[in-house]
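The following report describes selected features of one protein chain. The sequence and structure are shown first, and the discussion follows.

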Amino acid sequence: MVTATITQPFTKTNGLPTNKSTALLQDDSEAVQVRFTTTESEYRISDAPLLVPLNLRRYGLSEVLNHLLGLEKHVPFDFLANGKFLRTSLRGYLQRENLSAEEILELEYVICIAPPSLERKIEQDDWVSSLESHENGTVLVGSYDSVVRVWTREGDLVASGKGHTKPIKSVTWGPDANSAYSGSQDTYIYAWKRKNDESKFKPFIRYEGHTGTVMDVKYHEDSDMLVSGSWDGSIKLWRGAPDDESVMTSLSTSRSSKRRKIDTKVHKNVPVHTFVGHTSCITKLALSPDDPSELYSASWDGSLRHWDIAQGITLRTCLTDGAFTDLSVGEERPILSSHMDGCVRVWDARDGQNTQAQLRCSDDVVSTVCWSPHDSTRFVVGNFTGKLRFYDLRSTSHIPLYEIKLDIPTEKPEEETKEYYVHKLELDEEDKNDGDTTYIEPKMKVLACEWKDDVIVGSEDSKLRIYRTKGRQEGSGMED
């Protein structure tokens, strides 16, 4: 509980409150003057300095604010000192920053964001490798069973399409909710379309030109063009519509050597330009939100490249030691990248020559990274151990704001062996001391993640998960 009773207003003399009822402390030397500021107009108080105990942490400071605001229901606040979240006591902060308790400490307070909550799990037929939501609420999903699907957030299947012969690695919407594109391990990209209320997505263009897995594909709405990145190290630009001289061919969907031809006919498009520069697998592409003529690409060769799409040239190249796995860009924000070495790096989008920050987010591969759509400092990462971690760039440590562990099922092989995957929390003491049995905590890869209104996750347990992130945290459940 707060050890000081504080009332407002008061005046200052020689830097201390003249009304001692503003701070009832046993020893004024164990207190510091704090000026609270906020951009939250609903919860604004006077910016006159208040004397508060040095041993207070963020929960105690939140109680002080709730008392001053006269709130009947506790509202949890977070606090920033010099632009960074306060994660120690006031005394600890002053000592770490080598500041005097005689100076006025400026603290900005913000509403705590509610932890994400699981809204729905939607069963899939295979690993979910790629996804993208549409403004109409549906979700486009690409899976390892080579099928493109569209789902509602309630778990209803809207449409599906078969054309690829190997796992799909990337999907993206086309100009509307009845069109889409997909890239696959079969080296092809398909354009899909359907009529309103039809449950079948039909392929109508096949893009041929890559010699390796198509790792990512993006639709460029302004020019009706398509851009793709591949395992072969190349980036290619394609026309969204069928080429004027494209050839119609029968589509085969069988993986066997005796391929069965079906009635569907598709155009075959060839690339109009190839971007050269990377020397290894292209893992992610991102269209610039600030300039539609620019593109970012990330690769296993440790480089982040910034391209002029119209001219087909590299504007700048950024290098790091870690192979890239994902990119996230946003308007007037730095570039976020995730890496095989377990780090997330923050790049200056204006020059990109140096990382602004590097966060160790996992002991395993960080597979996905996404900016929050609501906050210019928060982001989420997914890794190969079945965890989602939510961070804020204003944090002074690598500790996430929240962590979500996907519910990983226990896997047991044949009865004749005693070696199997099991959660360590499920072991009793007898199991732990069983020298003949090897227990390994299971891992599950997060393969795809998007954060728009909600966080949507695809993983190798063949599930699509939707986490609700809207709303602010209520109640007093707040950890220091």
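Is Arg394 buried or exposed? Arg394 counts as buried, because its relative accessibility is 17% and the cut-off for buried residues is under 20%.

## Basis and overall composition

The model discussed here is predicted. The chain contains 3 helices and 39 strands. Of its 480 residues, 52% are buried.

The accessible surface of the chain amounts to about 23000 Å², and carbon and sulfur atoms contribute 45% of that surface. Among contacts in the chain with a separation of 6 or more, 49% are between residues 24 or more positions apart.

## The surroundings of Arg394

Arg394 belongs to the loop between β33 (387-392) and β34 (402-405). Its contacts, leaving aside neighbours within four places in sequence, include Leu80, Gly83, Lys84 and Phe85. Asp375, Thr377 and Arg378 are also in contact with Arg394.

Strands of a sheet pair through backbone hydrogen bonds, in either a parallel or an antiparallel arrangement. Within this sheet, β18 and β19 pair in the antiparallel sense over 5 bridges. Gly229 has Ile235, in β19, as its bridge partner.

The loop between β18 (225-230) and β19 (235-239) holds Trp231. With a relative accessible area of 45%, Trp231 is partly exposed, because this class covers values between the 20% limit for buried and the 50% limit for exposed residues.

Trp231 also takes part in a nonpolar surface patch of about 310 Å², which is formed together with Trp300 and Met340.

Asp290 is situated in the loop between β23 (282-287) and β24 (294-299). This residue is exposed, with a relative accessible area of 51%. Not counting residues up to four places away in sequence, Asp290 touches Gly330, Glu331 and Glu332. The C-alpha atoms of Asp290 and Arg333 are separated by 9.9 Å, although the two residues are 43 residues apart along the chain.

Glu332, one of the residues touched by Asp290, lies in the loop between β27 (324-328) and β28 (335-339). At 79% relative accessibility, Glu332 counts as exposed, because the cut-off for that class is over 50%.

## Positive phi values

Which phi value does Glu332 have? Phi of Glu332 is near 55°, a positive value in a residue other than glycine. Ser462 likewise is a residue other than glycine with a positive phi, here near 65°.

Ser462 is found in the loop between β38 (455-459) and β39 (463-468). Its relative accessible area is 14%, and Ser462 is therefore buried, whereas Glu332 is exposed at 79%.

Key
Residues numbered from 1 in each chain as written. Predicted model: local features only at pLDDT ≥ 70, side-chain atom pairs only at ≥ 80, totals over all residues. Heavy atoms only, no water. Patch = residues over 30% accessible without salt bridge, like charges linked within 9 Å, V, L, I, M, F, W, Y side chains within 5 Å. Areas by Shrake-Rupley, 256 points an atom, 1.4 Å probe, with all protein chains shown as cover. Salt bridge = Lys/Arg side-chain N within 4 Å of Asp/Glu carboxyl O. Helix = DSSP H or I, 4+ residues; strand = E, 2+ residues; numbered from the N terminus. Buried < 20%, exposed > 50% of the residue type's maximum accessible area, 1.4 Å probe, protein only. Contact = heavy atoms within 4.5 Å. Pairing = 2+ DSSP bridges.
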